[in-house]
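Biologist: I'd like to learn how to read chain interfaces in a model. Can you walk me through it?

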Amino acid sequence: MKNNWYETAMRVAVIAGIFSALVLAILAANGWRSVPVTTLKAGKVADLKLELRKHPKDEGLKTQLRRIDLQLRQGFFRRRALAQDGALLLLGGLAIFLLAVKFAKQYRFRNPRPDGELADPRPAAAGGRYAVAVTGVMLAGVLTGLVLLSRHDVSFEYLASAAPPTKADYPTAEALAKNWPVFRGPGGCGVAKSTGVPATWDGKKGTNILWKTKVPLPGENSPVVWGDAVFLSGANEHQREVYCFDANTGKLRWKKPVTDLSCADKSPLQVMEDTGYAAPTMVTDGKRAVAMFANGDLACFDFTGKRLWAKNMGKPDNMYGLGSSLTFYKNRLILQFDQGTAAEDGKSALLALDMTSGRQVWKTKRPVPTSWSTPNVIDTGTRAEIITCANPWVIAYNPEDGKELWRAEVLGGDVAPSPVFAGGMVFAVNSGANLAAIHPGGTGNVTKTHVAWLYADDLPEIVSPVSNGELVYIVYTYGTLTCLDAKTGKKVWSQTVEDEFKSSPTVVGDRIFLMDTNGVMHFLSGGRAYKELGKAALGEPSNCSPAFMNGRIYIRGKYNLYCIGKKG
Amino acid sequence: MKRFYPVYCWLLLILPTLAFGEERFPPPEYESTYRPPITQAPAPRAEWLAYLDIAVLAAALALAGYLTLKRRSRRGVFALTAFTIAYFGFFRHGCVCPVGSIQNVALAIGQPQYALPIVVAAFFLLPLVAALFVGRAFCAGVCPLGAAQDVVLLRPMKVPAWLEQALGVLPYIYLGVAVLFAATGSAFLVCRYDPFISIYRMSGAPLLLTITVVMLAIGTVVGRPYCRFLCPYGVLLRWLSPFARWRVSIAPKQCVQCHLCKDACPFGAIRIPTPAENPGGRREGKGRLVLYLLLLPVFLAVGGTLGYWGGAVLSGQHMTVRQANRVWLEEHGKVKGTTLESDAFHRHGQSLDELLQAATAIRRQFDFGGLLLGGWIGLVIGLKLVFLSIRRRRTDYEADPAACLACGRCYRFCPEEHAPAEVLEKIG
Amino acid sequence: MIAHGLRGLGALVAAGGLGALTLRGKTAATETVWQIDPETCTECGLCATECVITPSAVKCVHAYAQCGYCELCFGFFEDDPNSLDTAAENQRCPTGAIKRSFVEDPYYEYVIDEPLCIGCGKCVKGCNAFGNGSLFLQVRHDRCLNCNQCAIAAACPAQAFVRVPIDQPYLLKGREQAG
């Protein structure tokens with residue numbers, strides 16, 4: 001009886017086994033012949049399609065193509081159905097096979113035949129130790145192989161340059177103060193320490209004009225000066241150039257093009273005519289000069305004109321054209337790269353790049369849309385802060401790691417004026433919102449706690465404010481000048497003049513220098529009453545802010561760079 | 001107006017465009033009553049069903065412990081195995097399983113932004129907790145991978161002791177490597193190379209199907225090859241099972257050293273008694289033991305150093321590092337052409353700086369991870385040598401608490417199992 | 001007794017530690033499923049071949065609200081089609097899974113026949129490049145096995161696969177979200 005069961009079970013097992021093997025073979029063959037999805041349209045079909053392009057009206061060709069295409073598609077789905085059905089059959093066959101074998105096994109249970117001898121465990125243990133040791137050696141070999149492969153790994157190439165520079169390679173505070181390294185001078189607040197500037201000049205007549213040199217390409221960026229080198233950049237739709245002028249003679253020492261920087265977006269750039277293609281002012285730290293252009297090109301040159309590094313930051317999503325100038329903190333280039341029409345676009349960011357290599361040190365996303373204001377690195381006495389202005393926040397960041405320190409909701413609209421710091425307060429302004437005086441040094445949202453005062457009349461939309469610590473001056477584009485008390489925010493005087501202003505004012509000693517769009521510099525008294533002390537004409541229009549150094553003023557007009565100083 | 005732009009088409013082909021779907025054509029204004037259909041979004045399996053799986057797992061673990069230890073029923077365990085294949089295997093497609101959950105835990109530890117789902121945490125924890133009480137009952141009838149191997153075992157052969165020791169190192173290595181790649185967010189190796197998952201999915205890539213066939217074929221003659229020589233989760237169970245509250249014992253009451261169960265275990269988990277005399281003397285063994293204990297830090301150091309220096313090539317498993325390497329090579333003109341990864345990079349317009357920074361951070365993780373992995377391998381080898389130098393005196397036939405999979409096959413070999421109650425009482 | 005207590009304590013500590021790992025961020029403690037971020041996807045075609053099941057769980061999805069209903073649909077038609085009809089030589093889709101039907105002048109409706117779609121993304125490429133981008137790939141959760149490690153996610157060159165909470169399993173495009 002039992003034998004019958006055993007034999008039956010074994011027969012079932014054999015049949016199921018053969019069946020399973022057959023199904024497996026069919027499935028394997030099916031899989032082998034399966035057409036990958038791509039060839040559904042490639043191969044024969046692709047050839048026929050090429051033919052069809054040459055003879056677009058050939059009906060016979062079309063019929064042939066359609067027939068082959070249908071065959072291919074039907075075959076594809078048929079094979080897929082076969083694979084799925086076959087898998088089920090295979091599973092079923094294997095299950096029956098296994099069950100039958102297990103059933104049969106119970107009739108062939110072999111009784112154990114122990115020999116009662118207990119082996120000495122030592123040889124087995126020794127064998128085990130040798131085997132483990134050999135395994136250990138093999139694993140060590142594998143690890144060594146990994147080490148050898150790792151030696152040539154690509155990642156080492158860029159790992160090395162990720163290390164921060166070992167030596168601090170940036171100018172001292174004294175050196176910075178003696179030059180004009182960034183937009184609106186050392187400190188970025190439009191306060192010139194230079195003495196001995198002339199009281200008047202005339203560009204057409206040449207009075208007190210030391211030299212005047214044509215700038216090859218136009219640009220709205222203002223001059224920056226270090227030692228005897230003056231830097232400017234210029235660009236049009238197709239060309240971008242960086243210039244270095246000799247501060248003593250005005251000679252163009254070198255001009256270098258900025259091209260061939262890869263950018264994913266190759267579509268043509270549109271900028272507003274007023275902004276131009278080279279609006280951001282350059283920076284220089286005594287060894288390098290960095291320029292930024294409206295298409296996102298960023299280039300760094302040394303003082304001899306050799307290009308140290310250059311990269312494209314991506315085409316900015318900026319409807320008027322990139323306007324924020326560069327600034328720097330120690331050896332880090334600071335770039336306010338705000339983009340997008342709404343904060344939710346999430347495109348805006350503040351970046352810090354290493355000045356020597358251009359490598360990004362940190363990047364902090366900003367919850368704001370596009371802005372045209374320049375960031376300002378200030379020293380509150382206890383810490384350094386990067387003050388940025390945009391809609392609707394004034395945000396301060398830690399320059400070491402880019403983390404946000406505080407923010408105040410005081411602005412709105414298209415923010416172009418840049419913030420200044422004087423008398424322990426940050427002044428930020430935009431037309432349609434406020435002129436705000438904020439105490440720095442706070443944490444988090446300080447709108448209710450650190451805003452000293454707000455003022456809302458005749459606010460500028462382009463011109464940045466200036467302050468000597470006691471008084472704050474703001475300039476509305478169409479001629480209204482206002483002076484307020486820095487501590488209380490009360491208006492001290494207000495005056496409307498007939499001129500237009502786009503250039504930012506500068507505090508020079510006890511006077512305020514303010515240039516209108518015709519290139520005429522207005523000298524105002526720095527006292528508590530409005531008094532115009534005089535004017536000096538450049539001889540051509542200008543929107544740029546002047547640079548003051550060693551008793552000289554460098555002004556970029558629409559066509560020429562002027563150096564103004566006492567002759568003789 | 002017909003919306004047919006023959007000329008404009010060509011212009012669009014010429015002008016490169018941001019290929020992320022800007023709305024180039026305004027929404028249609030229908031004159032008829034046509035309304036566009038709604039995009040269908042079929043829901044996934046209901047979340048509460050996943051919690052039901054946890055309950056089923058807990059019940060199955062309890063049942064496995066009961067069947068193995070209390071009822072001592074091989075048939076019962078087999079029936080549970082069949083249920084596991086049906087439910088955890090084919091119904092749930094073998095995923096998520098406790099073996100793979102190690103990687104999720106590692107990922108949660110290594111990457112702070114990953115939140116470990118409760119179900120995965122439960123699948124990781126429950127069999128380990130069960131091991132503290134009923135030993136490796138999970139392996140017996142609840143693990144779908146073990147079940148697949150269990151049912152194909154037809155004619156088990158004995159693996160020589162030295163080979164078993166050598167292969168026994170592999171699960172530790174696999175655990176270390178899997179944890180490294182999971183914690184860095186590079187890959188889930190255990191899932192990718194799971195030999196039995198293609199059975200439960202009933203489909204798979206050719207390589208994986210081949211591995212499945214090979215493993216099943218080996219599994220017909222070698223008992224549970226994956227469980228014994230590869231399973232990383234088994235490493236954790238091995239550590240906990242010796243502390244179990246209730247252990248598998250071959251003899252229900254008292255071993256009488258009849259030797260009948262000597263070759264009963266197809267998985268080599270029976271520890272046989274040692275001879276009465278202590279051959280060789282004690283000093284020989286002690287010297288060796290001390291030597292291996294002293295060598296342990298050496299193994300750790302060597303392994304750790306090799307692992308640290310070998311981390312770079314392993315980091316290529318991470319997609320970001322791979323992408324960064326490729327883009328860097330292309331930017332510096334060392335390779336021609338592009339790959340899908342570098343194309344994706346260029347298309348997104350990400351800055352190379354950011355990519356290289358991200359890749360650098362991961363590479364640093366691999367330096368540290370490689371150090372840990374190398375040290376771990378050194379530690380495993382060293383400790384295995386130490387344990388193989390310790391001699392234990394045994395009088396009874398015992399189930400190795402760490403290795404016994406609680407399958408219950410050995411019970412029928414013991415005469416006590418079949419003895420009538422009165423005889424048992426006399427013994428016990 | 002002490003042993004019992006230690007076992008229980010060990011289990012509790014482990015549970016606590018794991019619990020800490022579950023409570024983080026958006027997907028805290030919930031089950032997650034895989035989904036494709038259509039803004040990141042580069043339509044490379046690996047979705048059709050890498051999925052562990054056949055056919056792939058990734059299908060093309062149509063956001064009708066965003067569709068332009070163009071007669072010359074760049075997702076339906078190949079580049080420079082021979083004629084604007086449903087003939088095989090004109091279609092971009094290798095399996096003919098997009099069904100084109102006339103609505104009213106000049107609008108045509110394009111519907112995806114899901115059983116035929118293999119998730120290769122060719123139509124998505126065309127629609128993104130020249131159309132409104134209303135066709136995009138999504139993981140279909142009535143097919144997806146929700147593997148612990150999605151094989152497509154591991155292969156995706158754009159790293160477009162993300163884990164999303166199970167109660168929000170789709171990342172749909174379009175002016176309106178689907179029902």
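Biologist: Which elements give two or more residues to the side of chain B that touches chain A?

Modeller: Helices (H or I, at least four residues) and strands (E, at least two) are DSSP runs, numbered from the N terminus. On chain B these are helix 3 (74-91), helix 7 (144-152), helix 8 (161-167), helix 15 (282-315), helix 16 (319-331) and helix 18 (352-387). Helix 18 of chain B gives the most, with 13 residues.

Biologist: And before I go on, what am I looking at?

Modeller: This is a predicted model, where local features need pLDDT of at least 70 and side-chain atom pairs count only at pLDDT 80 or more, while totals for chains, interfaces and linings use all residues. Residues are numbered from 1 along each chain as its sequence is written, chains are lettered from A and ligands numbered from 1 in the order in which they are written, and side-chain values use heavy atoms, with hydrogens and water left out.

Biologist: How many salt bridges does the rule find across the interface of chain B and chain A?

Modeller: A salt bridge is a side-chain nitrogen of Lys or Arg within 4 Å of a carboxyl oxygen of Asp or Glu. Here there is one, joining the side chains of Glu354(B) and Lys363(A) at 2.6 Å, N to O.

Biologist: What about contact and buried area?

Modeller: Contact means heavy atoms within 4.5 Å, and by that test 66 residues of chain B touch 55 residues of chain A. Buried area is the accessible area (1.4 Å probe) that two parts lose on being put together, summed over both. Chain B and chain A bury about 5,100 Å², 68% of it on carbon and sulfur atoms. Leu154(B), Leu306(B) and Asp353(B) supply 11% of the area that chain B buries there, more than any other three residues.

Biologist: How does the interface of chain C and chain B read?

Modeller: It takes 76 residues from chain C and 82 from chain B, and the two bury about 6,400 Å², 60% of it on carbon and sulfur atoms. The rule finds one salt bridge, between Arg347(B) and Glu43(C) at 2.9 Å, N to O. Polar contacts number 19 residue pairs.

Conventions:
Polar contact = N/O pair within 3.5 Å; in protein donor to acceptor, adjacent residues only side chain to side chain.
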